[in-house]
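Hi,

Here is the structure I promised to pass on.

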Amino acid sequence: MKLARPDVFHPRIVFAGCPSLPQGDGDDDGLVRALRHRGLHVRWLAWDDPAAADADLVVLRATWDYVDRLEEFLAWTRSVRNLLNPPELVAWNTDKRYLVDLEQLRVPVVPTQYFEVDAPVRVPTGEVVVKPAVGAGSAGAQRFTDADAALAHAAGLQAQGRAVLVQPYDPRIADGETALVFLNGEESHAFTKGPILPPAGQEPDFDESGTYAEESLSPADPDDAVWRLGRLAVHAVTQRFGMAAEDLLYARVDVIGGPDDPRLLELELVEPSLGFRQLGEADRDEAERRFALGVESALDRFGLGPLAHRRQ
C-alpha cells in the first residue's frame, strides 16, 4: 500500500450510499481496498449526509432511495464538486424514457411505450409489464395478462404523479438477464440475473431494507453478439453526451435473449450493482483495479491528482 505523504494533496473521496444502506450491499467492499492500494482513501456516506457535500469527488454506488426523493437527489448531484457518473448523465438515466432515446439511436431495445402522467395509457394484447418510468430495484413493476388490471396499475402510478412504461412481456426473461459490466468505457465482465418479476398479479420479494428486489446472480460468459449490443449502447450514450468513452466510470447493460436477437432491457449508469462477487478472485482483483484506475484518471481530469494542492 502506498503511504500518504503530507506534501501531496489527498482528495476526499466518498462512495455514496443511502440511509438504509449507507455502505452498500457488500459487493463494492473490494473497491475500497483497490483504491487504498493506489494511495487513495475513500469512505462511505449516505448521499444526503451533509459531510458528503464536503467531498472532492463523490462516486454514486448505492443511492437506491432516490426514486422517492428524485428532485432532491438530482439537485444534490448538481451541487457536489465532482460526481461520477456526471450529473447530466444521471438526470437522463433516472427516467427510463432514455429507452426511447436509445431506440432512436438505433440501439435494439425491448419495445417500450412511454406515457406521461396525464397521457391515456394503451396496453397491447398479450402479457405485458407495467412499470414506473422512474424506478429502481423493480419497485412498482408488475406483469399482467389482464388488460384492465394493467390499466388500473398504470392509473395508480399516474395518480402518484409518475409516468409509466408499458412493455410486452418477453418470455426469454425466464432464462434471466445478462448484465454486461463496462468499466472506463470498456467491457469488463458479465453475470446473469435470474428472473425478478413473479407471475402476473404478484409483486417481487424485496430485501430487508426494502430498497431492491431480491436477485439470484451467477457468473456469465456471453456470446460476442451480446457484448456487441452492450458496446453499441455505451457508444450511443457517450456520443449523445459528447464524452470520451473512458470517462464513463461504469455502466451496466442489462440484456435479454441470446446472440440471435439480444435486446437491451435497461442501461444502468446511476447506481448499479456491478457483480464483483460473481467473479473468481483473480478476475475480481483485476476488475476492482480497473475501477480504481478509472477513479484515479477522473481525479487527474478534475485537477485533483496527487500533485494538486488545495486552494487557500
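This is a predicted model: local features need pLDDT of at least 70, side-chain atom pairs count only at pLDDT 80 or more; totals for chains, interfaces and linings use all residues.

Below is what turned up, starting with the whole chain and then moving to a few places in it.

Residues are numbered from 1 along each chain as its sequence is written, and side-chain values use heavy atoms, with hydrogens and water left out.

The chain has seven helices and 13 strands (DSSP runs numbered from the N terminus: H or I of at least four residues for helices, E of at least two for strands). Of its 312 residues, 53% count as buried (buried is under 20% relative accessible area, exposed over 50%, partly exposed in between, with a 1.4 Å probe and protein chains only). Take the contacts between residues at least 6 apart in sequence: 73% of them join residues at least 24 apart (contact means heavy atoms within 4.5 Å).

Now for helix α5, residues 147-159. Which residues of α5 are buried? They are A150, H153, A154, L157 and Q158. Looking down the axis of α5, these fall within an arc of 140°, so they line one face of the helix (the arc is that of the directions from the helix axis to the C-beta atoms). Strands β5, β6, β7 and β8 are among what covers them. On the face turned away from the buried side you'll find the exposed D148 and A159. At the start of α5, a side-chain oxygen of D146 comes within 3.1 Å of the backbone nitrogen of D148. Just after the helix, G161 has a positive phi of about 85°.

Next, R252, which sits in strand β12 (residues 250-256). Is R252 buried or exposed? It counts as buried, because its relative accessibility is 6%. Leaving aside residues up to four places away in sequence, R252 touches several others, including F191, K193, E266 and E268.

Happy browsing!

Conventions. A polar contact is a pair of N or O atoms within 3.5 Å; within protein, one must be able to donate a hydrogen and the other to accept it, and residues adjacent in sequence count only if both atoms are side-chain atoms.
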